[in-house]
Amino acid sequence: MTAATHSPLFPRVPDTADAVLDGLDPEQREVATTLRGPVCVLAGAGTGKTRAITHRIAYGVRSGILQPSSVLAVTFTNRAAGEMRGRLRQLGAQGVQARTFHSAALRQLQYFWPKAVGGGMPRIADRKIQLVVDAAAACRIRLDRSELREVTAEIEWSKVTQTVPADYPLAAAKAGRDTPRAAAEIAQVYAAYEDLKRARAVIDFEDVLLLTVGILQDRHDIAEQVRSQYQHFVVDEYQDVSPLQQRLLELWLGERDDLCVVGDASQTIYSFTGATADHLLDFRVRHPRATVVKLVRDYRSTPQVVRLANGLLAQAAGRAADHRLELISQRPAGPEPVHTEYTDEPAEAEGAAHRIRALLDSGVPAGEIAILFRANAQSETYEQALADAGIPYQLRGAERFFDRPEVRKAGIALRAAARFGGNDALLDEVVDLPSQVRAVLSGEGWSAQPPAGSGAVRERWESLAALVHLAQAFAAARADATLGDLVAELDERASAQHAPTVQGVTLASLHSAKGLEWDAVFLVGVAEGMMPITYAKTDEQIEEERRLLYVGVTRARERLHVSWALSRSPGGRPSRRASRFLDGLRPGSSAATARAGAGGPGGVERGSRGPAGTVPRRGRRTPARCRVCGRTLIEAGEMKLMRCEECPSDMDEGLYERLREWRADIAARSGQPAFCVFTDKTMIAIAESGPEDEGELARISGVGLRKLRRYGADVLAICAGRDPVEAPDEADENSSRK
């Protein structure tokens with residue numbers, strides 16, 4: 001690719017280092033220009049974090065401050081690493097290593113194994129789950145399919161948390177793991193699994209990290225060699241780092257602190273794998289002189305989508321919630337999110353397909369639409385509904401684009417045509433590049449019209465169509481481009497795993513949708529039992545489910561549809577209800593009634609339409625400032641207190657304890673967690689301000705209209721030194737409204 005590219009797929013390479021900074025907002029520019037010392041970027045969804053860190057690397061390289069070969073950027077998926085390499089290439093910063101933790105560790109392990117251990121490195125096991133099957137059999141433990149998958153996950157968790165088999169039972173109990181079998185049995189299988197690997201001279205992917213850590217810890221000469229190679233580190237999605245990955249990062253760094261981490265505690269959705277946001281939240285503890293930059297300008301989603309996303313987190317609890325970022329949309333207003341209730345799951349799938357057909361007919365590309373669900377098992381119903389409606393789709397999480405057989409064959413055919421095209425009758429009548437590509441790929445199964453239906457034939461056609469679309473964009477960017485130039489571009493993209501967009505509605509789990517975005521998103525199955533999922537029992541697990549829904553909401557740029565079904569099958573008992581996470585946010589739910597009007601007819605709730613149901617817009621808010629030192633407040637927890645965390649508190653300790661006792665009593669009688677009454681931060685804010693009337697109480701963040709009506713009299717009585725009014729139980733209160 002050359003600097004003459006101007007299309008969205010092939011943007012112009014900046015002419016100078018300063019030109020790399022063009023178009024960055026003030027916070028992104030601060031990230032890009034702060035090139036030394038520890039830097040922590042707290043980046044909300046859609047705030048341009050990848051843009052900020054790739055421009056940071058590119059600016060450092062283009063200005064001569066950073067040597068490309070001395071920079072190691074690590075992230076968590078091959079797709080994210082490929083996107084980062086592609087963006088750096090477009091910014092003129094070739095030669096920077098952008099890899100996953102596993103990929104970077106594997107390269108180092110392969111290189112240093114002969115020196116550190118001797119001989120050839122063990123091969124990586126092809127099928128980990130078969131090893132677990134054999135290990136369980138050796139222990140005379142029979143596992144069904146579900147248990148097998150879950151025991152394998154427990155072994156993976158143990159290894160990334162650096163837990164050995166003998167310590168597993170205690171560690172699992174301490175972490176609150178919901179184990180599929182007795183912890184002692186899992187420890188037994190885990191030990192047998194490790195023995196089998198040694199006997200068969202194989203390792204697994206977790207061993208790649210463990211062995212690299214072991215070599216860097218034991219061989220200081222090798223550690224110094226790695227440190228002399230890499231002097232500058234960038235870690236994306238830092239909230240998803242496991243203890244093992246954090247240890248590897250520390251060994252890479254040594255005593256240095258040229259480290260930039262980027263993350264968002266509110267998008268921590270992989271704790272079941274051992275990931276923890278503690279490393280992100282404690283960054284300033286480990287690096288007291290770190291520069292912290294907060295990105296809250298949301299360039300992805302409309303104010304309506306952002307309002308729903310912020311509303312989800314406003315109800316959250318726990319440490320991550322205390323550090324949440326309140327997004328501020330930078331886009332024009334769009335349609336309100338649509339909430340729809342269906343009688344059963346097939347009806348929900350058909351309803352989604354019907355709405356998607358309408359979007360396609362209105363001109364929205366299929367590749368800009370996604371259906372997101374909590375569990376992969378939900379996919380089949382939506383695949384069938386889309387196929388019945390004649391709508392193309394692709395499954396997220398399938399093999400990588402350039403690894404698909406049809407793409408590899410197409411690459412071979414294009415390469416042959418580039419070399420020997422003069423002897424190819426297919427190319428006799430075509431001159432321009434897109435026509436040449438269409439002619440070559442017609443021999444591989446591409447046609448001007450897509451095949452009917454779905455399945456493998458349609459998926460192959462979609463892959464070839466993506467190559468045709470890429471050729472058209474490449475030719476538009478480079479009028480003089482040849483077939484050989486396109487082949488070179490494809491080779492570079494394959495190396496970077498920078499795949500073109502396949503035109504089809506995306507079906508994906510919420511976990512696999514992380515890091516992606518679409519114009520229109522359908523969040524389906526948002527019902528109790530699925531969101532939160534039934535096996536989420538603890539407060540921490542419930543909060544992670546809330547964060548998972550937040551990730552889903554923030555995938556939408558403009559249109560967001562949220563739906564749920566009352567029963568699984570047609571004619572089934574309508575025993576389900578909408579997810580608790582939507583309470584107070586969807587039209588018709590208790591806390592939303594006052595501001596959004598009732599839902600639509602027939603039990604179906606939709607986004608408000610027309611003046612009568614319009615959500616009132618807030619006026620432009622002035623920045624919240626600390627009432628002690630006057631600094632602008634950004635952290636949600638600080639905004640509740642109206643002061644910096646470090647500034648002295650003037651809290652009435654006695655009042656705070658009385659409020660805590662009252663909250664515990666209310667929570668016990670209503671059967672809900674204490675934080676659902678008021679969060680700790682809200683309680684502290686009340687105890688600090690000592691409100692004397694409803695107006696003063698209502699101004700405290702976290703005391704909304706519903707809670708003011710329900711608990712206001714009690715709180716004001718306690719603040720005045722009186723006993724609280726005898727409040728009715730939740731059940732009594734709800735029944736009195738009927």
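Let me start with a single spot: which residue in β7 stands opposite V235?

Author: That would be V261. Before going on, keep in mind that this is a predicted model, where local features need pLDDT of at least 70, side-chain atom pairs count only at pLDDT 80 or more, and totals for chains, interfaces and linings use all residues. Residues are numbered from 1 along each chain as its sequence is written, and side-chain values use heavy atoms, with hydrogens and water left out.

The strands involved are β6, residues 232–235, and β7, residues 259–263, and they pair in the parallel sense over 3 bridges (DSSP has to find at least two for a pair; a strand is a DSSP run of E, at least two residues, and a helix one of H or I, at least four, numbered from the N terminus).

β6 and β7 belong to an open sheet of 6 strands, and reading across you get β3-β2-β6-β7-β1-β8, with parallel pairing. The edges are β3 (97–100) and β8 (291–295): each has a single partner strand, so one side of each has no neighbour in the sheet. On average, neighbouring strands are turned by 15° against each other, direction ignored (axes are lines fitted to C-alpha atoms, for helices over the stretch in contact, and angles run from 0 to 180 degrees between N-to-C directions).

Helices pack on this sheet too. α2 (residues 26–33) touches β1 (39–43) and β8, contact being heavy atoms within 4.5 Å. The direction of α2 makes about 145° with that of β8. Then there's α12 (residues 243–253), which touches β2 (71–75), β6 and β7.
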